[in-house]
Amino acid sequence: MNKPLNYAYYPGCSSTGTSLEYDMSSRAVCAALDINLTDVPDWSCCGSTPAHTVDHSLSSALSARNLDQVASMGLDSCVSPCPSCLANLKTAKHRMEDAGFRDKVNNLLDKPADTRVETKSVLQILVEDYGIENIRKKVVKPLTGLVVGAYYGCILNRPAELMQFDDLEHPMAMDNIMEALGATVVPFPLKVECCGASFGIPRKDVVMRLSGKLLDTAHGIGAMALVTACPLCQMNLDMRQNQINKANGSKHTMPIFYFTQLMGLALGLPEKELGIGKLCVSPRNVLDAIDANLKEKAA
Amino acid sequence: MKVININLSYNSDFVSQVEEESGQKLNLCYQCGKCTAGCPYTAEYDISVSQIMRLTQTGQKDKVLQSKSLWLCATCESCTARCPNKIDVARIMDVLRHMARREGYTGIRTVKTFWDSFLNSVRSNGRVFEVGLLANYISHTGRFWTDIGLGPKILPKGKIHFKPVEMKGKKEVTKIFMRFKQESAK
Ligand code: SF4
Ligand code: SF4
């Protein structure tokens, strides 16, 4: 890498709770690749889905406070692991280019917000700013024999005008990373289908149906595991996998990794730093199979 | 199929308000049905998304605003991504939901309560405090927590905090909500 990569880092609320391992592994991987992440000081919630279902100015005000915090750090770009935070931060910046809307939002804030900073996903900076080929060079423990499907979820790259990243029906960023790490990638046909999002609590039946379909399909194409880039997708597929099995009469035991966790493993980072033990569906068998393959190759 | 005489219930103010708030032109929709075909929630909707588009286009305000679909839309953006006329359908769904809220429709009570509980948590803590959110949701719906079985799975993972994380600027966040309330009352 020629120029140092520096970003403000917006963890998002789920990073402090249900997606702790995504946060841990994102930080660990970036550190290992000399990508500097500085936490946005005193960041607050972006409002997530609930805020934009109530009002767009409320939603943008909650996000704008954070964009303004980033601007005060003197950095011009911000990264977040969470696609929902990303969508909100980007939408706020975009909509506030309209003067009327901007005034409406600023009216809700203590002081007018500087919203010029760009926000990207951790996935996007790894692929676009760091580069797949550079990632490939850093692999010390290839994921040989791991058959994996990449599941992107619905909002990581949609709408296209806003997200400006990868293909909206057939994204490849994670597939390419997995391939660079030495895994065998099976094309996952439901890459951008919805997992049931935040309906797990108020309408669990919907999540059982939608996430169940994802697991059935992953199993059907012979994937040993799925990789995700979204806390909500990961939580629905991993934490709720038992519930899904019960509701649908299925028997899945499919590990659902964050892509950063698998990257970390391939970069030789210890499991503990990547929060592997925090996954609900144990990935032990799958990880042992990779180790066995590596040993066999070495022998 | 129920027949609606659209001439009797055409509400032109509704049409222009949706267009203004969403920045979209409703008459661009030619009812191809692509949005409905790709919508992951079609099976759950009482009125499919393309039908919502048609009813909105033809000014059927009450029918649209009382639809349960508005509360099940996950803003997955599939409709927006696939509309051949480049209509931001998801944004229209969002705007309709705002209007339904303002007009006092509850839609699906559990969903609305969940979103409200989420925002209450952000308003008082600046960030989402998951345990507090759940307590709030359970007390407002009177529903037994159907996820109780998850407890033994997630508790040992150290992901659940029983106290909100303290942040300095939480008053700033509370003030955003207060000002929003004042503005909405105007
Ligand atoms: S995809 Fe677009 S044009 Fe087709 S029915 Fe839906 S909104 Fe109308
Ligand atoms: S954004 Fe809403 S209406 Fe559009 S496809 Fe997704 S769930 Fe359906």
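## Exercises on a two-chain model with two ligands

**Exercise 1.** Find which residues surround ligand 2, and sort them by class.

*Solution.* Ligand 2 is surrounded by 14 residues, the closest being Cys39(B), Tyr45(B), Cys73(B), Cys76(B) and Cys79(B), where a residue is near a molecule if one of its heavy atoms lies within 4 Å of it. The model is predicted, so that local features need pLDDT of at least 70 and side-chain atom pairs count only at pLDDT 80 or more, whereas totals for chains, interfaces and linings use all residues. Residues are numbered from 1 along each chain as its sequence is written, chains are lettered from A and ligands numbered from 1 in the order in which they are written, and side-chain values use heavy atoms, with hydrogens and water left out. Next, look at the elements: helix 7 (78-82) and helix 8 (89-102) of chain B each supply at least two residues of this shell, helices being DSSP runs (H or I, at least four residues) and strands likewise (E, at least two), numbered from the N terminus. Finally, the shell around ligand 2 divides into eleven nonpolar, two polar and one charged residue; Ala, Val, Leu, Ile, Met, Phe, Trp, Tyr, Cys and Pro count as nonpolar, Asp, Glu, Lys and Arg as charged, and the others, Gly among them, as polar.

**Exercise 2.** State how many residues each chain brings to the contact, and what area is buried.

**Exercise 3.** Locate salt bridges across the interface and within chain A.

*Solution.* The rule (a side-chain nitrogen of Lys or Arg within 4 Å of a carboxyl oxygen of Asp or Glu) finds five salt bridges across the interface of chain A and chain B. Lys175(B) pairs with Asp110(A) in a salt bridge, the closest N and O atoms being 3.3 Å apart. Within chain A, Lys141(A) forms a salt bridge with Asp291(A), the closest N and O atoms again being 3.3 Å apart. This pair links distant parts of the chain, 150 residues apart.

Methods
Contact means heavy atoms within 4.5 Å. Buried area is the accessible area (1.4 Å probe) that two parts lose on being put together, summed over both.
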